[in-house]
Amino acid sequence: MSGSLPNNNSSRAVRMQAALVAADAFTARALEALRARVVVGGKPDAALVDREQRMVHGYAWIETTVAALRALAGWADELSKRGMLGSADTLLIDIAFGEYLSQLVGGIPMGQNEICRPADFGIGEAAARLASAPAVRWFLESGNTAANRAALIEQLRGGTGIAES
């Protein structure tokens, strides 16, 4: 898969948007699962929310992770429009998208010893669909790699910076 799309800023933007669509579908499925456990008569039930607090907390982390991806894509888009998206920036984007999508698929750390996994929501099938989306798969396979992390560190050590705005 990693060779099927060129790795330039235009294809990266398309890939990020496609990954966000897939992540939004995953998030919607997580919300559906949460609502099935805590909503009664169209409203959250306080006792059920209390009983399922770990799931509620996990859902907040899912939303936060997707919001971070969306903000990162917006930052990349703005830099690209201004002609300021550099190689260190693109490495950072690929690494972050790869890592955060991997966490959505396999488990998001909510603390030092607590991980929210798709199985906790009963949405393993949604995680599998997310992982199999072509754009997501590209980031999983080619984003947060040892080679990309080493290249980013090399660039930073060499004086190349990350754009701040």
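Author: Helices here are DSSP runs of H or I with at least four residues, and strands are runs of E with at least two, numbered from the N terminus. Helix α8 ends in this sense before Gly 159, a residue that follows α8 and has a positive phi near 100°. This is a predicted model in which local features need pLDDT of at least 70 and side-chain atom pairs count only at pLDDT 80 or more, while totals for chains, interfaces and linings use all residues. Residues are numbered from 1 along each chain as its sequence is written, and side-chain values use heavy atoms, with hydrogens and water left out.

Reader: Why is Leu 79 called buried?

Author: Buried means under 20% relative accessible area, exposed means over 50%, and partly exposed lies in between (1.4 Å probe, protein chains only). Leu 79 has a relative accessible area of 0%, so it is buried. You will find Leu 79 in helix α3, residues 53-81.

Reader: And why does Thr 65 count as buried?

Author: Thr 65 comes to 5% relative accessible area, so it is buried too. Thr 65 is also part of helix α3. Among the buried residues of α3 are Met 55, Tyr 59, Ile 62, Thr 65, Trp 75 and Leu 79. For the protein as a whole, 38% of its 165 residues are buried.

Reader: Why is Arg 82 called partly exposed?

Author: Its relative accessibility is 43%, so Arg 82 counts as partly exposed. Arg 82 sits in the loop between α3 and α4. Its C-alpha atom lies 35 Å from that of Arg 129, which is 47 residues away along the chain.

Reader: Which residues is Leu 79 in contact with, leaving aside its neighbours within four places in sequence?

Author: Contact means heavy atoms within 4.5 Å. With those neighbours left aside, Leu 79 touches Met 84, Leu 85, Asp 89, Ala 163 and Ser 165. Of these, Ala 163 is 84 residues from Leu 79 in sequence, yet their C-alpha atoms are 7.9 Å apart in space. Thr 65, with its neighbours within four places likewise left aside, is in contact with Tyr 100, Leu 104 and Ile 108. Across the protein, 75% of the contacts between residues at least 6 apart in sequence join residues at least 24 apart.

Reader: How do you know that the span of α3 agrees with its 29 residues?

Author: The expected span is 1.5 Å times one less than the number of residues. For the 29 residues of α3 that gives 42 Å, and the end C-alpha atoms are 42 Å apart, so the two agree. Helix α4 passes the check as well: its 20 residues should span 28 Å, and its ends are 28 Å apart. For α8 (residues 146-157), the 12 residues should span 16 Å, which agrees with the 16 Å between its end C-alpha atoms. Just after α3 comes Gly 83, with a positive phi of about 70°, and just after α4 comes Gly 107, with a positive phi of about 150°.

Reader: What makes α4 and α7 roughly perpendicular to each other?

Author: Axes are lines fitted to C-alpha atoms, for helices over the stretch in contact, with angles from 0 to 180 degrees between N-to-C directions. Under 35 degrees is roughly parallel, over 145 roughly antiparallel, 65 to 115 roughly perpendicular, and the rest oblique. The axes of α4 (residues 87-106) and α7 (residues 134-142) come within 8 Å and cross at roughly 110°. These two helices are therefore roughly perpendicular. Asp 94, Phe 97 and Leu 101 of α4 are among the residues making the contact, as are Trp 138 and Phe 139 of α7.

Reader: Then why are α6 and α7 described the way they are?

Author: Helix α6 (residues 124-132) packs with α7 at about 80°, their axes 5 Å apart. That pair is therefore roughly perpendicular as well. Here Leu 130, Ala 131 and Ser 132 of α6 meet Pro 134, Val 136, Arg 137 and Leu 140 of α7.

Reader: Which residues of α8 are buried?

Author: They are Asn 148, Leu 152 and Gln 155. They cover an arc of only 65° around the axis, so they lie on the same side of α8; the arc is that of the directions from the helix axis to the C-beta atoms. These buried residues pack against α4 and α7. The face of α8 turned away from them carries the exposed residues Ala 146, Ala 147, Glu 154 and Arg 157.
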